[in-house]
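Biologist: Could you walk me through this model and tell me what stands behind each label you use? I'd like the cut-offs as well as the conclusions.

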Amino acid sequence: MSQAPPYPGPTPNYGGGYGGYAPTPQQPYDQKSPYEGERFKPKKRINDPIFLILFVLQFLGFAALSGIVISSWVSNGGLGGGLGKAGGKTGTAITLNRSTVYLLLLVTAAGLLLSTAYLMLTRAFTRMIMHITLVLSILLNIGICVYYWITKYYSGAIIFTLIAILSIFSYWGFRSLIPLASLLLQVVMDVAKHHMSVYVVAFVALFIQAALAVWFTFTAIATYAKYTPGNPSCATTSCSSGKVAGLIFYETFSFLWTSQVVKNVALATLAGGPFGSWYYFGPRELGEMPAHPTTSAFGRASTLSLGSIAFGSLIVTLLELVKMLLQMARNNANADGHPVEACLACCAACCIGFIESLVEYFNRYAYIEIALYGKPYIQAAKDTWRLFKDRGIDALVNDSLVGMTLTWGAYAIGLLCSLFAYLYLRFTSPSYNVDGSYTAPVLLFAFLIGLQCSLTLSSAIEAGVSTIFVGLGEDPQVLAARAPELFSVRLTLPSTTVLY
């Protein structure tokens, strides 16, 4: 299959020759200045300083608590335990021991490996993987629905029956957008191929997330070890289940918020750096792109705009915590035999989860406004909403399969990490888990580690997709020069999904 000639000048043929679509003929257009509206050159001011201070304080609090509990845990020999069956049976049988630390370290390594492998497979088999993830998403909804009916969990069964029906009816609409979504993903990955800083930022963020996950794991285990009644440290320290629950809740909150901030700083760095510069200035070979755009974007995201990023990340974190509390309430109601309360809690958790997904999705575009223009969070959110309303981007954004493909892969990696953790517990038989009471939290930790690792890596690609959408809303004709084939495919969409 022949590829279209590069345009303009030495520009690579981004996404060219994929799917057999012919590029649009080159047409003149009135391109706006890349620096219009303080783009790439925002005012030097710290935005949302209150949330910046709160974020720094909570992180310092987590670090102080971590130092206290880990110091005590180490001084008590880590409560014993090690790798393998013999090692796993040593140490205390009261709570988590060193065997779990080794397990979750291995889970983190597996998460890193699986995340990298999935991204490579997505690059090589984009269209096929999009079809697979779409079908699997529908089958997963049907499977959960059937399982809940079989187990007589009627509240969840009713909800997932509706979700399964909606997913089946929406299949053809999603399927019709696969050519555009797959080509868009190809273009973004081609841009990343010419800007290695994309992968540098992604892998640095990934390793920071992995280190944060390991740190959180050590802290949580050390908290269990220090404050669970019956442990050796209780001879000199007040121990109670309530204290353990409160500290674990705070540590989970801190971990989720910090993890969100790390991910979103990486997103803003990529949007304001290689992807934004590629769209507004053109490829590096044209000589118009500023020197070191990624470094400049990271400087803005990690200093002047960090408070705004922390603000948006806090909203998602609080929604995630509320959803977790509602899920716990649902489980307790089921255990106590209260189906009405369980149904209400399940419905509330689903609503909160839906709102969280919308907020997180919307925030991604607000962070791009922050990265490009240096706006405070509230102003960026208002401008993002106005852009969606004025240009009609919401139709395509809500139907895009790119996020579904990458997110579904992240959940699959999380499940594989949980399976690895389960097999480890099954074959090593650690003494603290003889009755299986710690299987659930260990599997949850493993799932979170795998999920966060994969989401961080895929966020680099989503940053490019979202940046192109924002650029389309502001100056759509630029895409005809940057990626003519994508511009051509976009024009073949039905009128309900046109971008402007």
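Modeller: Gladly! Let's start with Ser 277, where a polar atom of the side chain lies 2.8 Å from the backbone oxygen of Gly 273. Before we go on, this is a predicted model, so local features need pLDDT of at least 70 and side-chain atom pairs count only at pLDDT 80 or more, while totals for chains, interfaces and linings use all residues. Residues are numbered from 1 along each chain as its sequence is written, and side-chain values use heavy atoms, with hydrogens and water left out.

Biologist: What makes Ser 277 buried or exposed?

Modeller: Buried means under 20% relative accessible area, exposed over 50%, and partly exposed in between, using a 1.4 Å probe and protein chains only. Ser 277 has 1% relative accessibility, so it counts as buried. This serine is found in helix H9 (residues 241–281); helices are DSSP runs of H or I with at least four residues, strands are E runs of at least two, and both are numbered from the N terminus.

Biologist: Which residues is Ser 277 in contact with, leaving aside its neighbours within four places in sequence?

Modeller: They are Phe 40, Gly 272, Gly 282, Met 289 and Pro 293, where contact means heavy atoms within 4.5 Å.

Biologist: Why is the pair Glu 360 and Lys 263 called a salt bridge?

Modeller: The term requires a side-chain nitrogen of Lys or Arg within 4 Å of a carboxyl oxygen of Asp or Glu. For Glu 360 and Lys 263 the closest N and O atoms are 2.9 Å apart, and they form a salt bridge. Glu 360 lies in helix H12 and Lys 263 in helix H9, so the pair ties together parts that are 97 residues apart in sequence. In general, side chains of opposite charge can pair when their charged atoms come close.

Biologist: How do you know whether Glu 360 is buried or partly exposed?

Modeller: With a relative accessible area of 26%, Glu 360 is partly exposed. Lys 263 has 10%, so that lysine is buried.

Biologist: What links Glu 356 and Lys 323?

Modeller: Their side chains meet in a salt bridge, at 3.3 Å from N to O. Glu 356 is in helix H12 and Lys 323 in helix H11, 33 residues apart, and the pair links distant parts of the chain. Both Glu 356 and Lys 323 are buried.

Biologist: And where do Asp 383 and Arg 386 lie?

Modeller: Both are in helix H13 (residues 377–391), 3 residues apart, about one turn of the helix. Asp 383 is buried because its relative accessibility is 17%, whereas Arg 386, at 44%, counts as partly exposed. Together with Glu 369 and Lys 375, these two are linked in a network of salt bridges.

Biologist: How many disulfides does a search of the whole structure find?

Modeller: The search finds 0, a disulfide being a pair of cysteine sulfur atoms within 2.5 Å. As for individual cysteines, Cys 347 has 31% relative accessibility and so counts as partly exposed. Cys 351, at 47%, counts as partly exposed too, and lies in helix H12 (residues 339–373).

Biologist: How many helices and strands does the chain have?

Modeller: The secondary structure comes to 18 helices and 0 strands. Buried residues make up 54% of the 500 residues in the chain.

How values were computed: A polar contact is a pair of N or O atoms within 3.5 Å; within protein, one must be able to donate a hydrogen and the other to accept it, and residues adjacent in sequence count only if both atoms are side-chain atoms.
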